[in-house]
Amino acid sequence: MSDGAVNQPRILIAATPTPNGDLHVGHLAGPYLVGDIYARYLRATGAPVTWTTITDDSQTYVVASAARKGTTPARLAADSTAAIERTLRGVAIELTSSSEQLLPPVDARCREAVTEFVTALHAAGRLRERTVRLPYAEHSGLHLYDGLLTGGCPACGAGSNGGACEDCGTPNNYDELRDPRCTLDPQEPVSVREERILVLPMEEYRAELEAYFAEVTPRWRPHPKQLIEQLLSRPLPDVPVTVPGRWGVPAPFPETPGQIVYPWVEAMAASMYATWWANGQDPALPYDHYWRAEQGAELVLLHGFDNTYHWGLLDLVLLLAHGDRYIRPSVNVVNEFYELEHAKFSTSRGHLIRGTELIEEGVPRDVLRFYLALTLPEQARTNFTRAELALLTDRQLIAPWRELGDALDAALAGHDGAPLPVSPAAQGRVAALAADLRGCFEPSGFSVARAAARLAEHLAELREQAAAGTGPGDLLAGARALLAWSAPILVDTAEAARAAGIDLALDAGPVPDKITPFRLPGLPSNPLAATSAEAPVEAPVETSVESPVEEKDGRS
Ligand SMILES: [Zn+2]
């Protein structure tokens with residue numbers, strides 16, 4: 001992150017959304033909004049940015065949800081991808097794209113990328129044959145892993161799917177879950193079958209992993225950093241590269257006929273393909289062009305804590321196994337869970353709010369983005385409530401913004417439009433704001449929540465200055481800085497400002513001592529604010545002990 005020169009290309013990848021349903025507000029308040037705000041910030045500084053993700057259609061969560069909903073995995077993936085795309089657009093998540101679509105299609109070229117990626121590992125002698133014990137559903141004839149498998153986490157005992165525990169983040173493979181059951185039918189008898197698969201032994205990369213983490217973990221947040229340290233303190237697992245299965249990319253190896261590529265192994269190849277797709281799909285370039293080490297791009301991965309093992313460790317080992325061919329993440333930006341009315345978002349219990357639902361109710365998307373930015377779970381779980389959305393945004397954004405706009409209008413009434421002087425004190429305040437906001441986008445302290453809070457403080461100060469009769473030049477300088485630095489969050493307001501000719505570039509030059517007058521673009525009001533005073537706060541859904549057969553939300 002911003003360590004490099006302004007011209008260094010940046011690649012930001014959000015954890016690949018699983019197309020087994022739409023994205024809810026809990027997903028949005030994680031990698032999607034954070035990556036979008038960061039990408040918009042970098043673009044405003046003039047840095048070349050690719051900001052993308054891609055649906056992970058091969059995940060068993062798609063198979064499990066499709067069976068539950070009585071549809072086919074392909075149908076569910078297509079419908080969910082369309083819904084996810086609508087939601088991303090609804091809250092103005094502006095992925096890099098050279099087409100009408102935001103999300104790269106999971107097509108033949110994408111599957112070829114996965115095949116090429118694992119074939120290169122096989123050809124380089126990186127894979128090993130192993131006999132493993134896989135849970136097996138006797139009646140349906142399914143090998144059980146990831147979203148098809150449920151049981152008790154071997155580390156913390158919580159109900160968990162296969163792969164990694166959503167609660168403690170610890171990985172589990174094969175027959176490691178306690179009391180393994182089939183998600184599709186928890187009553188179905190489950191046996192264990194020995195299967196010959198190909199794996200990538202993570203332990204063989206220990207020295208490289210330790211050197212890498214010694215360099216990057218100072219930039220990691222404490223909780224995921226602690227998990228990585230724990231994982232490195234014990235023998236590292238083998239990464240399955242192939243598994244018996246029917247839904248996924250066929251494994252192209254003679255040793256494993258009829259198997260597929262383990263779905264989690266697709267993520268890096270698919271992300272490389274997504275980067276190529278976002279940048280114009282040049283058929284003359286290989287799918288992994290932008291990730292080659294010689295391109296010198298800086299890579300940032302954004303994901304939830306529950307994906308720390310997969311996106312922090314497994315994917316890294318997949319990159320390391322290719323030798324020096326690829327860039328490595330300069331940091332993983334890891335979020336915690338966002339809760340709804342103090343309970344986990346849950347698709348299966350219907351305890352969720354979709355982002356588009358709030359937009360359809362008339363919540364302006366700038367207001368929603370601001371509230372999510374202020375409250376998103378960076379270091380600990382945080383909570384979403386409609387009442388707080390209304391109250392907080394009215395108090396910290398909408399009301400002071402309106403008052404500042406009114407004060408500026410009054411101060412500029414009858415003014416001829418000539419540039420106004422900006423005092424050294426006001427120049428100093430704008431420079432201090434810029435320094436603080438830049439700090440929020442530095443790797444050592446990356447924080448969208450702190451950026452949003454700092455902007456709210458700046459707005460409150462400007463309103464007080466306006467009330468105290470500060471000169472219009474000083475108010476305008478503060479308002480221009482407010483508009484420019486809030487532009488990555490308040491995207492529609494920024495668009496209105498640009499249309500009115502206000503310069504929102506975030507260059508690092510000195511603050512000018514004159515400013516041309518402008519009107520502060522208005523913020524739309526939030527219809528929730530009008531009703532929140534009378535509306536009863538929704539009763540929180542009971543946080544009962546989660547059944548181990550609870551449908552996992554899918555990951556993000
Ligand atoms: Zn656990």
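Analyst: Leucine 177 counts as buried because 25 C-beta neighbours lie inside 10 Å. A residue is buried if 20 or more other C-beta atoms lie within 10 Å of its own, exposed if 12 or fewer, and partly exposed in between, with C-beta atoms placed from the backbone. This is a predicted model, where local features need pLDDT of at least 70, side-chain atom pairs count only at pLDDT 80 or more, and totals for chains, interfaces and linings use all residues. Residues are numbered from 1 along each chain as its sequence is written.

User: Where does leucine 177 lie?

Analyst: In the loop between β8 (171–172) and β9 (178–182). Strands (E, at least two residues) and helices (H or I, at least four) are DSSP runs, numbered from the N terminus.

User: And what does leucine 177 touch?

Analyst: Not counting residues up to four places away in sequence, leucine 177 touches Leu149, Gly151, Gly152, Pro154, Ser160, Gly162 and Asn172. Two residues are in contact if their C-beta atoms, placed from the backbone, lie within 7 Å.

User: Zooming out, which domains does the assignment give the protein chain?

Analyst: Domain 1 (10–351) and domain 2 (381–530). Such bounds come from an automatic or database domain assignment. The centres of the two domains, taken over C-alpha atoms, are separated by 38 Å.

User: How many residues does each domain put into the contact?

Analyst: Domain 1 gives 20 and domain 2 gives 17. On the domain 1 side, the elements giving two or more residues are α1 (25–44), β15 (329–335) and β16 (338–340). The largest share of that side, seven residues, comes from α1. By class, the domain 1 side has twelve nonpolar, three polar and five charged residues. Here Ala, Val, Leu, Ile, Met, Phe, Trp, Tyr, Cys and Pro count as nonpolar, Asp, Glu, Lys and Arg as charged, and the others, Gly among them, as polar.

User: Now some helices. How do α12 and α13 cross?

Analyst: The axes of α12 (residues 424–440) and α13 (residues 448–467) come within 9 Å and cross at roughly 165°. Axes are lines fitted to C-alpha atoms, for helices over the stretch in contact, and angles run from 0 to 180 degrees between N-to-C directions. The two helices are therefore roughly antiparallel. That term is for angles over 145 degrees, while those under 35 count as roughly parallel, 65 to 115 as roughly perpendicular and the rest as oblique.

User: Which residues make the contact?

Analyst: Leu433, Asp436, Leu437 and Cys440 of α12, and Arg450, Ala451, Arg454 and His458 of α13. They divide into four nonpolar, one polar and three charged.

User: What about α13 and α14, at what angle do they pack?

Analyst: About 160°, with their axes 10 Å apart. That makes α13 roughly antiparallel to α14. The crossing of α13 and α14 is left-handed, a label used if the near helix is turned anticlockwise from the far one by less than a right angle, with right-handed used if clockwise. Leu455, His458, Leu459, Leu462, Gln465 and Ala466 in α13 meet Asp474, Leu475, Gly478, Ala479, Leu482, Trp485 and Ser486 in α14. Eight of the residues of this contact are nonpolar, four polar and one charged.

User: Back to Asp474: is aspartate 474 buried or exposed?

Analyst: Buried, with 22 other C-beta atoms within 10 Å. Aspartate 474 lies in α14 (residues 472–486). Its contacts, leaving out residues up to four places away in sequence, are Val422, Ser423, Ala426 and Gln465. Aspartate 474 and leucine 420 are 54 residues apart in sequence and 8.5 Å apart in space, C-alpha to C-alpha.

User: Last one. Which residue follows α2?

Analyst: Glycine 70, whose phi is positive, near 70°. The buried residues of α2 (residues 60–69) are Thr60, Tyr61, Val62, Val63, Ala64 and Ser65, and what covers them includes α3 (73–90).
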